[in-house]
Amino acid sequence: ERTTEEFPGGFHYHRRKNFMKEIVQGKRQPYIFHMSWTTNKDNKLKFFQQLGEWYVKHDCIGNTVEDILAGKDSSNQMSIR
């Protein structure tokens with residue numbers, strides 16, 4: 001049986017501090033974490049980064065798959081890697 005602890009959200013982040021400590025300690029490994037109950041996109045990003053759960057590289061933001069694969073940035077210039 002799947003529980004909400006396998007699919008936590010912002011409620012867990014903001015209201016269940018001991019649960020969150022267990023995730024950080026590696027005692028729990030949720031399948032998906034949704035940052036609901038969180039005010040805005042900037043806070044959601046910050047909280048995921050603090051948890052070590054943000055996996056999008058800065059180079060990928062604002063770029064198409066084709067540009068990323070071609071090594072271009074959002075201004076269509078070749079980026080140096």
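**Entry 1: Phe48.** I looked up Phe48 and found it in helix α3, residues 41-51; helices are DSSP runs of H or I with at least four residues, strands are runs of E with at least two, and both are numbered from the N terminus. This is a predicted model, in which local features need pLDDT of at least 70 and side-chain atom pairs count only at pLDDT 80 or more, while totals for chains, interfaces and linings use all residues. Residues are numbered from 1 along each chain as its sequence is written, and side-chain values use heavy atoms, with hydrogens and water left out.

Is Phe48 buried or exposed? Phe48 is buried, at a relative accessible area of 13% (buried means under 20%, exposed over 50%, partly exposed in between, with a 1.4 Å probe and protein chains only). Beyond its neighbours within four places in sequence, I noted contacts of Phe48 with Phe33, His34, Met35, Glu53 and Trp54; contact means heavy atoms within 4.5 Å. From Phe48 to His34 I read 9.5 Å between C-alpha atoms, across 14 residues of sequence.

**Entry 2: salt bridges.** I then looked for salt bridges, each being a side-chain nitrogen of Lys or Arg within 4 Å of a carboxyl oxygen of Asp or Glu. The count comes to three. Arg16 pairs with Glu5, with the closest N and O atoms 3.0 Å apart. Arg16 lies in the loop between α1 and α2 and Glu5 in the segment before α1, so this pair ties together parts 11 residues apart in sequence. Arg28 also meets Glu5, at 2.8 Å from N to O. Here the parts tied together are 23 residues apart in sequence, because Arg28 lies in the loop between α2 and α3 and Glu5 in the segment before α1. Glu22 and Arg28 form a salt bridge at 2.4 Å, N to O. Through shared partners, Glu5, Arg16, Glu22 and Arg28 are joined into one network. I recorded Arg16 as partly exposed at 28% relative accessibility, and Glu22 as partly exposed at 27%.

**Entry 3: the chain.** Of its 81 residues, 21% count as buried. Among contacts with a separation of 6 or more, residues 24 or more positions apart account for 36%. I also noted that Phe7 is found in the segment before α1 (10-15) and that Phe7 counts as partly exposed, at 37% relative accessibility.
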